[in-house]
Amino acid sequence: MTHLKTSRLPAIGAAVVYILLSASPAHAQPQTSDARSLLPTLLDEVVAQMDQRLIDAEARTRPLLDEIESQIELPELRAPAAEAVTAYDRPSDDGSAIIVEWLAPDRKAELRERARQQAVKLTDNPTLVDSLAAIVTNELFVNVTYLVQVAKSSEDLVAKSPEDLEAGLFVTIPVTPGAATRKSGNLKYFGLAGENENYCYAEIKPAEIFPPQGPEPITVQQVERFLHDGWPQDAEPSDDAIPVAAAPLQPLLDRANKGYVPQDIRDLLERVRLYARITQFVDEGVLDEEDGIRAITILVDARPEGQLSPAEKADRTWLAGVKLQLRLDRLVAEGFLRDKEAARVRDILPLADQLEQAVAEATVLAESAKEEADQAEQAARAARQAAKEALDEADDETRPQAAEDLKAAVADEKLAKAETADAKKDLLWTRERVRRSRPRQERRELDWLVRLQARLKECDDDAREDAEREINAKTYYFRLAVSEGARREYVTVDRLTIGDEDGAVSVDVPDQWLVLSASAHANAFKWFRTNTLVFALVFSGIVLCFIHVARRNPNLFLRKIAGLDAVEEAIGRATEMGRPAFYVHGYGGPGSMSVIAAINILSRVARQAADYDTRVRVMNLDPIVTAVSQEVVQQAYIEAGRPDAYDADDVAFMTAEQFSYAAAVAGRMVRERPAAIFLMGYFMAESLLLAETGASTGAIQVAGTDAEHQLPFFITTCDYTLIGEELYAASAYLSREPRMLGSLRGQDVGKAFMMVAIVLGVIVLTTAAFFAAREGHVAGWLDHLAAWIRHLFEAIS
Amino acid sequence: MAQAETPASDTRRTIEVIILIALVSAFLVVSLLVHKPFGPGNLTKEMVGTVIAAAVTLIMYSFLYRDNPLFKIAENLYVGVALGYGSIMIWRQSLLPEVFEPLFLAPTRDAFWSALAARGIPIVLGLLLLTRLSRKHSWLSRYSYGPLVGWGAGMAIVLTFHTSILKQLQAAIAPLQEGITNSSFGENLAFGERLGQWLAQVGLPVLGALVLLVGTTAVLFYFFFSVEHKRLGKATANVGIWFLMISFGATFGYTVMGRLSLLIDRVDFLLFEWLKITR
Amino acid sequence: MPTHQDSLKRLTVTRQIVYLLVATSIILPFLIKGISLPFEAEPGAETFYKQLDRLPAGSHVLMSFDYDPPSKAELYPMTVALLRHCFEKDVIPIVMTNWPSGLGLFEKACEEVAAEFADKGDKKVSGTDYVFLGYRPSMTDLILNMGVDIKGAFTTDYYKQPTAAMPALEGVKSLRDLDLAVALAAGNTVELWMAYGSDRFGFPLAAGTTAVGAPKLYPFLDSGQLVGLLGGLRGAADYEKLIERPDIATSGMVALSGAHILLIVLILGANIWYVVGRITGKEGK
Amino acid sequence: MWYKRTIPLILVFVLGILAFTQNFVPHPLSEKFLKTVTDWSRIINGFALFLGAYSLLHMHVSRIRRQQPGWAYSGFVFIGAMGMIILGLWNDGVGPVRASPDPQGTWFNWGYESIQVSCSSAMFSILAFFMASAAFRTFRARNLGAALLVVAALIVMFGRVTISETVGGWLGRPKVFGDIVKAIMDYPNMAAKRGVLLGIALGAVAQSLRIIFGIERSYLGGGD
């Protein structure tokens, strides 16, 4: 039960008291990662005590629990109701999957209810009944798994019709229901409440179940030959062979050639296919026998890359070359390669093989060299230690000699270390070293081959994607089942609709499977982003409207900003003292917000200075901004009626480099000792340097920046600081420029909305949480409102 | 930082030059003594690099005394080196793989044509961008970067809304306290323990959530320009300012660590790599 | 104006004294051996660590190192620690950057850490066990592009090897296929990675920043847009602690403590002086 | 003239609206469009980077040509830039195409490590000194706001370094300062940052809007 009714003040007081009190005994702190649970970690001791009490309580209640568990009857396996099962065409953005949604029967609640019934028999403490029921539910509840069976037709093996399901032609896929998959296809967004947490969603990816067809189907003979040749007769076939050898081959191959098989078997069959082609080419004389045997030897080795020796790795690379060679004719036929290019590939492949062999050899050499160097280093270290011991034990007579020895040993060790380092580097760079030792022409050819292979892979990937898209677009029929161990329950319907649209007849059919159908299509709209769209459009409308309004009426109300009075004051003071004012720009080109704002403020400052006949010196970091500033200052003098008083040298481009800029501006500050300094724009680390130097000259400083992390420095060193957006507001306030003014007003509307949304949202949600445990009309209504608010601001990635 | 010119500055300058020369010689002597570049195979690229790095580091620190010619030389050299490095890297990492290689090193004729189809127009647009250097034809470059600016703006509207506004509002609009369902324990505890439990589960989280609520709203209000800050408004804006100040303070506290660690890194370099002090 | 000159001179002197104090407080801890300040990793760093640690071998982690040499001191230790952790777990780091001037640093980091593991007999090969993609211009568009097709955005890696057939990138078509992304930033790139990357395409993002940049990322940590945050050298030291490989960052902690204490004493002292001055009616500046 | 200004502005508008829409359309065609535009952007921006390098060099050239004060220093920019470009193109005989396998690192890398890395690190580390002196001189609890700033800064500074755990250990709770820092960061700091963030985000959206609708044109540069 929450304690929200308690007033806040005692809570704060109690928190302080508790923190003070609990600061004494040392205790291992549990690490928490949740940002909001930090303060509670201070209370870990109490919690630990609570835990202990709970453990004791558990020990006392164990017999009771056992009693309940032996009595209880587990809820039976039930399939979801047919009405609550739906299949969506367009669940995924790229159109790669069908989504199935169903409302799972709430077994957990059922189980808890049964446990409660049992518990009531044992105790009459209602709290204890609740706890016991909860514990029993947790202990006994088992999640059932769901299965989707997708129909496939006997002829082309890809989904055909619902009849296939009855004929027993289907692929069974276990699905893991999760909430993550309900995205674009789901219309339940934008403030629609009432989501049931028992909804499950599963993705079915047709292209994974029925992957695109390989180039040629594999025959039983090929597999048998592979099994026969692949392993020496005396040796046991490796683990990989067993699934192939143990299963009846033909059906497996049918599935493999065009259907759903696990990845490892797919890999194995891929090797069979390659093997078949190699033997075929050996038979036809395209490959010589030696190469054929070598290829097959490499092929049957199924070890992962990491376990191979350098030479074996080189062999694998060679095999990849052979694969390419075997494809060449087809590639030429497809127009991917020209004859000349195919011939070039044939020429290069042996070179590539030679290179790989050389790399393998060099690696072995480098490895042994490194080992030797390691040993040498160890020996040298031992020698040095021995020499040191000798020196320690030496008497006066032998001491000089021992010292000499030690010196020599140290030098030796240093040398040995250097050699080890070299050997290490050598080993790391072996491949590059060998490659570099080849003639230039050869290297160029090899590079070409690498690029060709990459291009080939790209094209293959594209082709596969196209094929997958085609597969996805087909219509699939499937049914849903729930399973627990060997038991299986299908989702069934009692009524079937037969006939076409004109004469549909509804028939009673008891326990007929519910057959769903869908095809994977790509979405056209992200429904879950509807709220983003609406908010963005509304906000854009408001901003554009206000810009329009501001054009007609530039006197839109803006509150006065404290720092702005200071601008006038500062110029006034400069006039009094007869010293110049400095205006220092920050980073950014003419398009950046802060520079636009700074220029607007400059135009006002310059105008005032022109009126008072005070010089303003403007420092710039950007050449274009310099030009714009010059225009602005000149304009100010013209408006003041004194165009002749304008001096272009007052507006100077200092330099574009951060520290030179800081040094140059700081230098001028110290020399010219301005009476007022304005620092406006986006500043980085140099902010401090400028503001501190400025402060030391005794000038009034007014700063304005949207660089948040520099604000502490400005706030402490300057007399007035425009914080963040105040810079833009100040510029709009001074310039009355419609685009600034209008969008500022639009932003204010946005901010007002956000403030209201946050405050009201928190109030509603808190109230709803408070009433959550109670029954009643109000509670239900609040719950709906809270859920609606949550959905309204739900942003899904 | 430059000092104000005074009549005494001549003598001062002489002294400074002498000190400077002394420091430079000291640096060289120390470097020679520590690194011993004489003898076969001793003078390596690495050693020269370390000494140069130490030199420029110390020159940079001379800025602490005041701006000086050595600092300016090092700084400009650095700008140049950075420029050169940047140019080479852009060539290596951008134009070479995006423009040169796909077209001129295409493995097949087919690859060349598909590369040209995919990259021809942007390459032309990229070349148009270079017209910015000419005053007369710079308008041509607008055809290449204009659309990109528009594209970026369109993207930014949606993505900023999503990331910085909606996601943040979603996090900000949370109940002060999610209901505690399990009230079974705590029945027969001492008062202190119950208080502790209450604080841990209700009091402090609610307090924190309240601070968040008040702070966020007040800061938003501070940057609200359409009403005058009077009475309640002034109070709220003041609360906003306090929150801003605390956050600036926190940022400063963090920043200190950042800046000091830069210094630590350099000191580490000077002591252990240049002076070769054993750790 | 004599008073002005005086105040200037006083200022210069105070300043130079402070400089000297800072320098001493940093150098001394390095020279005095045997000081060690035990510490425990902060919860924030631990969350980050767990995100990477839970990944199975062969997972893909994108590491965008968006900083340049000036921020090396803070972020390079993090870079090295993260790479070590990846290699230890046999997770495949896909390294890239949006700041070309840092390329040399990242190349060095990858190669040195790989060499370190090769030394232990666990050879890490570019293209198989890790990928260094390098740099491409136009950050936001690059992220969007990678969200559709990573290999199209980086047709070749830093070493000019085509990415199309790279074993390390097997199964990674777009950003959506990542198991985790890590952005180390000296600027505002974390926000961009969030807006254009993780929130747009949906993958977990963790961040490491310079100390300056960390506080402003807290709202994103709270909203779950970031799954972890390492701030500054302390963050790096925490991470080194967690992977049990104390290195540069950890050794910097003592010096950091010294300098911090010095600064705290200075600020406190100045404030007490100021308050006393105010109470006694004199100007306490 | 219309082809100098109007058509580019229309292009800005069209692309802006397309980008806006693209975010709500997950169809593969829309993704393909996204890929095409971003591919183009990458290529075009590659050229833009050279533009930046050029204008920096140009600035230094004109500084030397006009013999502005300190023009001689600009010469060092050229020495640095040309040196690095030559080293980079030569790259120990490998050319700029691939990274070099030389275990010692190439001369190009050498220049980068010993000049660029150390110069920029050193330059930034100077800030440590400035920050210390500025903090010492200017951090005063003049009013409530400034006092909050100073106190928060002191607590965070102390809590973030490891010595706070040692001191905390004396008090019996090593993590106590770390926890207080975390509380400051997680509550008041985050509240302020979130408020600022929400405001800034609205500003950024408004700026983008103005660009799309041609209200903000300063990025087009001067001229007609």
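In chain A, the centres of domain 5 and domain 6, taken over C-alpha atoms, are separated by 49 Å. Keep in mind that this is a predicted model.

**How chain A is divided**

- Chain A is split into domain 1 (8–71), domain 2 (82–210 + 475–518), domain 3 (220–302), domain 4 (365–470), domain 5 (556–735) and domain 6 (753–792).

**A three-stranded sheet in chain A**

- Three strands of chain A make an open sheet in the order β1-β2-β5, with antiparallel pairing.
- At the edges sit β1 (85–88) and β5 (199–204) of chain A, each of which pairs on one side only.
- Going from one strand to the next, the twist averages 20°.
- Four bridges hold the antiparallel pairing of β1(A) with strand β2 (residues 98–103) of chain A.
- If you want a pair to look for on screen, Ala87(A) has Val100(A) in β2(A) as its bridge partner.

**A covered strand in chain A**

- Strand β11 (residues 581–585) of chain A is mostly covered, with five of its five residues buried.
- In general, the side chains of a regular strand alternate between the two faces of the sheet.
- Here, Ala581(A), Tyr583(A) and His585(A) point one way from β11(A), while Phe582(A) and Val584(A) point the other way, and all are buried.
- The pairing of β11(A) with strand β12 (residues 616–620) of chain A is in the parallel sense and runs over four bridges.

**Helix α18 of chain A**

- Helix α18 (residues 530–552) of chain A has 23 residues, which should span 33 Å at 1.5 Å a residue; the end C-alpha atoms are 34 Å apart, so the two agree.
- Its buried residues are Asn531(A), Thr532(A), Phe535(A), Ala536(A), Phe539(A), Ser540(A), Ile542(A), Val543(A), Phe546(A), Ile547(A) and Ala550(A).

**Chain B on its own**

- Chain B has seven helices and zero strands, and along the sequence the pattern reads α-α-α-α-α-α-α.
- Of its 279 residues, 51% count as buried.
- Among the contacts in chain B with a separation of 6 or more, 33% are between residues 24 or more positions apart.
- The chain is divided into domain 1 (9–66) and domain 2 (195–279), with 42 Å between their C-alpha centres.
- Four residues from domain 1 of chain B and seven residues from domain 2 of chain B make the contact.
- Helix α2 (residues 45–61) of chain B brings the largest share of the domain 1 side, three residues.
- That domain 1 side has two nonpolar, two polar and no charged residues.

**Where chains B and D meet**

- The contact takes in 97 residues from chain B and 101 residues from chain D.
- On the chain B side, α2, α3 (69–104), α4 (109–129), α5 (142–172), α6 (191–222) and α7 (231–274) each supply at least two residues.
- The biggest giver there is α3(B), with 24 residues.
- By class, the chain B side divides into 64 nonpolar, 23 polar and 10 charged residues.

**Chain D and its helix α3**

- Chain D is assigned domain 1 (1–68), domain 2 (71–129) and domain 3 (139–217).
- The C-alpha centres of domain 1 and domain 2 of chain D lie 29 Å apart, and six residues of domain 1 are in contact with six residues of domain 2.
- The domain 1 side of that contact has two nonpolar, three polar and one charged residues.
- Helix α3 (residues 71–90) of chain D has 20 residues and reaches 29 Å from first C-alpha to last, close to the 28 Å expected at 1.5 Å a residue.
- Its buried residues include Tyr73(D), Phe76(D), Val77(D), Met84(D) and Leu87(D).
- The buried residues of α3(D) pack against α3 of chain B, as well as α2 (28–65) and α4 (107–138) of chain D.
- Just past α3(D), Asn91(D) has a positive phi of about 50°.

Conventions. Residues numbered from 1 in each chain as written. Chains lettered and ligands numbered in written order. Predicted model: local features only at pLDDT ≥ 70, side-chain atom pairs only at ≥ 80, totals over all residues. Pairing = 2+ DSSP bridges. Axes fitted to C-alpha atoms, helices over the stretch in contact; angles between N-to-C directions. Domains from an automatic or database assignment. Contact = placed C-beta atoms within 7 Å. Nonpolar A, V, L, I, M, F, W, Y, C, P; charged D, E, K, R; others polar. Expected span 1.5 Å × (residues − 1). Buried ≥ 20, exposed ≤ 12 C-beta atoms within 10 Å, placed from the backbone.
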